[in-house]
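Student: I have a model open and want to learn how to read its features. Where do we start?

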Amino acid sequence: MYKINIEYTVKSKSELKEADRQLIEEAEEAMAKAYAPYSNFTVGCAISLEGGKCVTGNNQENAAYPSGLCAERVALFSAKSHETTPIDTIAIVASHTNGKRADAFCCGNCRQVMIEYAYQQAQPIRVLMKREDQKFIVIKDVKELLPFHFNSESLQ
């Protein structure tokens with residue numbers, strides 16, 4: 001039997017550093033442009049690259065459900081298709097289109113992609129996830145989100 005401890009902190013937006021607050025605002029702007037007519041669950045993601053550049057994404061649904069894509073992967077794939085700069089921080093926010101608050105916890109597919117990029121750049125990626133209560137879970141290393149993760153070493 002395994003016992004897993006995940007290291008994280010919980011902070012209000014005002015307790016976060018200014019750069020994190022700005023990143024969250026970028027994620028909220030991206031969320032407002034999400035295409036979620038089926039789930040009515042909008043998600044926005046903003047990625048801060050080393051040096052301060054920001055790349056955003058939002059969820060894009062499709063009537064053929066497997067054809068859609070999560071906000072995190074939209075932003076990650078966009079960032080990595082144009083930049084070689086390491087990812088510093090990822091901020092994720094979510095809401096229901098009826099205005100109801102929601103937790104912005106990333107799915108397993110997105111966690112796996114984040115971990116792949118963390119290994120590729122050989123440095124941790126911080127993650128900020130907005131909770132339903134409007135506070136933020138702050139994780140210093142994305143690997144905390146998927147302790148039994150799969151990586152290139154698994155293929156050896």
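Tutor: We will go through helices, salt bridges, backbone angles and a surface patch. One caution: this is a predicted model.

Student: How many residues does helix α1 have, and what should they span?

Tutor: Helix α1 covers residues 18-31, which makes 14 residues.

Student: Which residues of α1 are buried?

Tutor: Buried means under 20% relative accessible area. In α1 that gives Asp-20, Leu-23, Ile-24, Ala-27, Ala-30 and Met-31. These residues cover an arc of only 115 degrees around the axis, so they sit on the same side of α1.

Student: Why would residues spaced like that point the same way?

Tutor: An α-helix has 3.6 residues a turn, so residues three or four places apart point the same way.

Student: What do the buried residues of α1 pack against?

Tutor: Strands. They pack against β2 (41-49), β3 (54-58), β4 (87-96), β5 (126-130) and β6 (136-139).

Student: What is the span of α2, and what is expected?

Tutor: α2 has 12 residues. From first C-alpha to last it reaches 17 Å, close to the expected 16 Å.

Student: Which residues of α2 are buried, and what covers them?

Tutor: The buried set is Ala-71, Glu-72, Arg-73, Ala-75, Leu-76, Ala-79 and Lys-80. Their cover includes β2, β3, β4 and α3.

Student: Now charges. How many salt bridges are there in the whole structure?

Tutor: General idea: side chains of opposite charge can pair when their charged atoms come close. A search of the whole structure finds six salt bridges.

Student: Which residue forms a salt bridge with Glu-18?

Tutor: Arg-21, with the closest N and O atoms 2.6 Å apart. Both residues are in helix α1, three residues apart, so about one helical turn separates them. Glu-18 is partly exposed at 42% relative accessible area. Arg-21 is partly exposed too, at 23% relative accessibility.

Student: Which residue pairs with Arg-126 in a salt bridge?

Tutor: Asp-20, with the closest N and O atoms at 2.9 Å. Arg-126 lies in strand β5 and Asp-20 in helix α1, so the pair ties together parts 106 residues apart in sequence.

Student: Are Arg-126 and Asp-20 buried or exposed?

Tutor: Both Arg-126 and Asp-20 are buried. Asp-20 also belongs to the buried set of α1.

Student: What does the salt bridge of Lys-53 with Glu-83 look like?

Tutor: The closest N and O atoms of Lys-53 and Glu-83 are 2.5 Å apart. This pair links distant parts of the chain, 30 residues apart. Lys-53 is in the loop between β2 and β3. Glu-83 is in the loop between α2 (71-82) and β4. Lys-53 counts as partly exposed, at 45% relative accessibility.

Student: Which residues are joined into one network?

Tutor: Lys-13, Glu-28 and Lys-130, through salt bridges that share partners.

Student: What is the phi of Gln-134, and where is the residue?

Tutor: The phi of Gln-134 is positive, about 75 degrees. Gln-134 is in the loop between β5 and β6. Its relative accessible area is 28%, so Gln-134 is partly exposed.

Student: Last, the surface. Which residues make the nonpolar patch?

Tutor: Tyr-2, Ile-4, Ile-6, Tyr-8, Val-10 and Phe-148 make a patch of about 670 Å². Phe-148 lies in the segment after β6. Phe-148 counts as exposed, at 57% relative accessibility.

Student: Where is Val-10, and what does it touch?

Tutor: Val-10 is in strand β1 (residues 9-11). Val-10 is partly exposed, with 33% relative accessible area. Leaving out residues up to four places away in sequence, Val-10 touches Glu-15, Arg-131, Lys-135, Phe-136 and Ile-137. Val-10 and Arg-131 are 121 residues apart along the chain, yet their C-alpha atoms are separated by 9.3 Å.

Key. Residues are numbered from 1 along each chain as its sequence is written. This is a predicted model: local features need pLDDT of at least 70, side-chain atom pairs count only at pLDDT 80 or more; totals for chains, interfaces and linings use all residues. Side-chain values use heavy atoms; hydrogens and water are left out. Helices (H or I, at least four residues) and strands (E, at least two) are DSSP runs, numbered from the N terminus. The expected span of a helix is 1.5 Å times one less than its number of residues. Buried means under 20% relative accessible area, exposed over 50%, partly exposed in between (1.4 Å probe, protein chains only). The arc is that of the directions from the helix axis to the C-beta atoms. Contact means heavy atoms within 4.5 Å. Patches are made of residues with over 30% relative accessible area and no salt bridge: like charges are joined within 9 Å, nonpolar side chains (Val, Leu, Ile, Met, Phe, Trp, Tyr) within 5 Å. Accessible areas come from the Shrake-Rupley method with a 1.4 Å probe; for residues, only the protein chains shown count as cover. A salt bridge is a side-chain nitrogen of Lys or Arg within 4 Å of a carboxyl oxygen of Asp or Glu.
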